Amino acid sequence: MTMTRLPWNELSAAVPRAQFIPDVIWVSDGEGGFVALSRHDDLAGWQAAVQANRFVVTQVDDGHTPPGGKGQTPTSSCSMPSVVAAMLAALGPQPGHRVLEIGTGTGWNAALLARLVGDRGHVVTVEVDPDIAEYARVRLRDHGPLVVTGDGARGHPPAAPYDRVIATASIRETVPWPWIQQLRPGGRLIAPWGTNWCNGFQLTATRTPGGLTGRFSGDLVFMRMRAQRRTCWEPSDDEIQQAVTSTTVCNGVDLDRMRNPTLGLFAIGAKLDHICAHTYWNTLGRYHHLLEFDDAATRSWARLDADLNGTEPNTVLELGPRRLWDEIEAAYDWWHETGEPGMDRFGLEAAGGRQWLWLDEPDHTVRVLTEA
Ligand SMILES: C[S@@+](CC[C@H](N)C(=O)[O-])C[C@H]1O[C@@H](n2cnc3c(N)ncnc32)[C@H](O)[C@@H]1O
């Protein structure tokens with residue numbers, strides 16, 4: 001059996017994960033935040049975290065929260081072993097390959113890649129955070145990969161072309177052009193992908209003579225690349241007073257179909273141009289949800305007051321030049337009218353300086369992501 005086919009629990013036998021995890025990790029505090037756990041203070045807890053098939057958070061809040069504080073957002077981690085195994089299998093690196101990884105983190109995945117490509121291959125891994133990069137550089141010293149500190153969106157031209165490109169931080173909407181340019185024809189790219197509407201999909205793409213062609217599959221939730229985090233907008237109470245009020249016949253079943261990853265979530269996110277979605281379940285009581293949507297660029301905002309207990313149509317507030325809720329309903333109708341396609345029917349194409357999402361065929365454009 002090759003290492004790309006190894007079950008997750010055997011990856012650590014190939015390259016011990018524990019050697020790459022820092023002494024201080026971050027664990028859930030049970031209230032939505034994170035607290036530091038030190039190997040020296042709680043060896044059993046640290047070992048349990050490292051040996052489990054779970055991601056291990058190694059940095060919070062871009063490093064601004066020191067141990068002792070309460071972390072809000074994980075910003076670096078060692079990925080879940082079963083996810084690492086699945087991504088390596090999808091990437092298919094071969095002995096002798098040149099591989100570019102974006103998002104070094106602990107360096108464990110880069111070490112696994114180096115094992116797979118062997119002595120004749122070469123692995124370059126790029127990490128945006130200088131402290132994390134330096135930690136990984138030390139850990140990777142005897143494993144072979146070159147650790148580059150910088151914005152991974154630029155790739156690393158000096159070692160191109162690459163046979164494989166793998167991102168272990170999520171991209172939003174478009175694939176950075178340098179990754180495409182630095183991938184050799186026929187080469188493969190694997191990246192976690194999302195939109196403002198939703199995150200958590202895998203893009204598997206191949207370099208074509210003119211650019212890139214890719215398809216989507218499910219369930220690959222990664223933290224977003226630093227420059228590609230969502231930028232959301234929240235209006236003030238005074239601004240909300242100016243909002244236009246209307247009603248919608250959209251009900252709980254519709255909401256589930258819109259937000260369900262196995263139903264309309266992907267398609268609606270593919271159709272909608274930059275709309276952030278926030279769902280506050282049961283905020284105003286059982287089955288009484290608030291859904292908010294915004295577009296920071298145009299300062300447009302909408303709120304759906306979804307009281308699923310009542311029989312009256314639900315109330316919608318809309319503010320700004322874009323009527324976001326109307327766009328969402330139109331995207332939902334489009335998804336239904338096109339036969340309710342799942343994510344497996346969508347693709348991403350890059351050619352001639354443009355990138356676009358398509359349904360079934362590259363010439364059936366769903367949305368242009370970036371113009372030439
Ligand atoms: C989930 S972790 C990567 C896990 C890693 N491959 C491992 O084996 O531990 C994501 C990493 O991507 C890094 N990152 C975020 N934005 C980046 C960017 N623009 N360029 C390079 N690295 C980035 C984060 O700092 C973080 O360390």
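**Cysteines, loops and a helix**

Modeller: Start with C250, which is buried, at a relative accessible area of 7%. Buried means under 20% relative accessible area, exposed over 50%, and partly exposed in between, with a 1.4 Å probe and protein chains only.

Colleague: How far is the sulfur of C250 from the closest cysteine sulfur?

Modeller: The distance is 17 Å, to the sulfur of C198, which is too far for a bond. A disulfide here is a pair of cysteine sulfur atoms within 2.5 Å.

Colleague: Before I go on, what are the ground rules?

Modeller: This is a predicted model, where local features need pLDDT of at least 70, side-chain atom pairs count only at pLDDT 80 or more, and totals for chains, interfaces and linings use all residues. Residues are numbered from 1 along each chain as its sequence is written, and side-chain values use heavy atoms, with hydrogens and water left out.

Colleague: Fine. How many helices and strands does the chain have?

Modeller: Ten helices and 20 strands. Helices (H or I, at least four residues) and strands (E, at least two) are DSSP runs, numbered from the N terminus.

Colleague: Switching to α3. Which of its residues are buried?

Modeller: In α3, residues 81–91, the buried ones are P81, V83, V84, A85, M87, L88 and L91.

Colleague: What do they pack against?

Modeller: The buried residues of α3 pack against α1 (8–14), β5 (98–102), α4 (108–117), β8 (162–167), β10 and β11 (201–207). Just after α3, G92 takes a positive phi of about 60°.

Colleague: Which residues have a positive phi without being a glycine?

Modeller: Among them are D62, at about 55°, and N282, at about 50°. Most residues other than glycine have a negative phi, and most peptide bonds are trans. D62 is in the loop between β3 (56–60) and β4 (74–78). N282 is in the loop between β14 (276–280) and β15 (288–295), and N282 counts as partly exposed at 39% relative accessibility.

Colleague: On peptide bonds, is the one from A160 to P161 cis or trans?

Modeller: Cis, with omega near 5°. P161 sits in the loop between β7 (146–149) and β8.

Colleague: And where is Q182?

Modeller: Q182 is in the loop between α6 (177–181) and β10 (183–194). Q182 is buried, with a relative accessible area of 7%.

Colleague: What is Q182 in contact with?

Modeller: Leaving aside neighbours within four places in sequence, Q182 is in contact with L100, R154, G155, H156, P157, A160, P161 and Y162. Contact means heavy atoms within 4.5 Å. That list includes A160 and P161, the two residues of the cis peptide bond.
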